[in-house]
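I opened this notebook to record what I looked up, entry by entry.

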Amino acid sequence: MPPVPTMPGSTTMARAVAHAFPLSRLPPNRISSLCRGISVSQPLSHRVYSTAPADCIKASRSKSKARTNHNQITEAVSIPLQTPPTRSRFRRFVGFTTLAVIAFTAGLTYQTSKSVSRMMTLSLATDEETLSAFKPHDEFSKEVNEYLCNHPVAVSLRSDPAFTESRPHLKIPEKLRARTLTGGTLAGPDKIVAPPLVFCEEGGKSLVSLFYLGPNLCGHPGIVHGGLLATLLDEAMGRCCFPALPNKVGVTANLNLDYRKPAMAGNYAVLRAETVKVEGRKAWVEGRIETLPKDGEEPVVLVEAKALFIEPKQAAAMSTLYNMTK
């Protein structure tokens, strides 16, 4: 609809009419007729006119308001939420790792203190008591035990005052022995039939151990597992040099093996170890396992080993626990 031009002087005319004819004294129809002929000072071009019915205008206005509200809601939803920044993966990893280390340390400390407190309440056997503590399970284990105790090598070492005879595995309390490898898991009929008979030279200079290896300790059929021979050497060589260390305890730092001959199962064997050098907390040991010969026979070397043992910095605290089980 084209804009209606504004009549000049319309404002003055409207004021004059209003002064001459107050609206309160005129009938409604007269007021309407007067308003049609009067133009206000605001330009009519800025007004919006519509020929639609009043109901349609109201509906249009309602739709406009609804559309405005919808747009406002859409704009509010589309605004991104201000979420706090997430921690980096590295920081989370460090946090989880720290918690895991703390939990592991607490658990280890608790278990160690629990084991020590349990062992403190147990009576420990002396070296002499271990010699009579073994009770053979059957006639064969009795035969093996008598052969080891009466062998010429054992008789010779027993007469030497520099050596102390014992069965170290029997010093471990019976309740804990079942959880050890060579003293519990691998001990018994058709395995390590009788506890090894061990002779230790004073000052940690040397060691000799006599034992019997049954048929249930094989890797290949009829041949003793090489890992078992390595375990026996590791234990015996450590036991040999520990008395030469400041706090009488150490851990294996290096172990080298050379297998010379197959170790046939169902035979007697002897392990010999010697401490060759000691420097502070370090001790170097050499050892070998060979057959335990009968009278007039030469022993056959089965495996040779060299090892380095180091005393831990916390050895002063470990020595008490180790002395109870060695």
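**Entry 1: aromatic contacts**

I looked up Phe140, which counts as partly exposed because its relative accessibility is 37%. I note here that the model is predicted. For Tyr212 I found a relative accessible area of 8%, so this residue is buried, the cut-off being under 20%.

I then searched the whole structure for aromatic pairs and found four. Phe140 and Tyr212 form one that is edge-to-face, with 5.5 Å centre to centre and 75 degrees between the planes. The two residues are 72 residues apart and belong to distant parts of the chain: Phe140 is in helix H6 (residues 139-150), Tyr212 in strand S3. I also recorded one aromatic cluster formed by Phe140, Tyr147, Tyr212 and Tyr268.

**Entry 2: nonpolar cores**

I asked which residues have the most contacts inside the largest nonpolar core. They are Leu213, Leu232, Met237, Leu271 and Ile289, in a core of 31 residues. At least two residues of this core come from each of strand S3 (206-213), helix H10 (226-241), strand S5 (267-279), strand S6 (282-291) and strand S7 (301-310). H10 gives the most, with eight residues.

I listed a second, separate core of 20 residues, which includes Leu148, Leu170, Val208 and Leu210. As background, I noted that nonpolar side chains in soluble globular proteins tend to be buried together.

I next took Met237 and listed its contacts, leaving out residues up to four places away in sequence. Among them are Leu255, Ala273, Val285, Ala305 and Phe309, and the charged residues Glu286 and Lys306 are also touched.

**Entry 3: cavities**

How many cavities of 30 Å³ or more are there? I counted two. I found 14 residues in its lining, and His169, Pro196, Val198, Ser209 and Arg239 lie nearest its centre. By class, the lining has nine nonpolar, two polar and three charged residues. S3 and H10 each supply at least two lining residues, and the largest share, four residues, comes from H10.

**Entry 4: Ser209**

I followed Ser209 from the cavity lining to its place in strand S3.

Key:
Residues are numbered from 1 along each chain as its sequence is written. This is a predicted model: local features need pLDDT of at least 70, side-chain atom pairs count only at pLDDT 80 or more; totals for chains, interfaces and linings use all residues. Side-chain values use heavy atoms; hydrogens and water are left out. A nonpolar core is a set of buried Ala, Val, Leu, Ile, Met, Phe, Trp, Tyr and Cys residues joined through side-chain atoms within 4.5 Å. Buried means under 20% relative accessible area, exposed over 50%, partly exposed in between (1.4 Å probe, protein chains only). Contact means heavy atoms within 4.5 Å. On a 1 Å grid over the protein atoms alone, a cavity is a set of points where a 1.4 Å probe fits but cannot get out, and a pocket is an open set with protein on both sides within 12 Å along at least five of seven lines; lining residues have an atom within 4 Å of a point. Grid points are joined across faces, edges and corners, and a volume is the space filled by probe spheres set on the points. Rings of Phe, Tyr and Trp (its six-membered ring) pair if their centres lie within 6.5 Å; planes under 30 degrees apart count as stacked, over 60 as edge-to-face and the rest as tilted.
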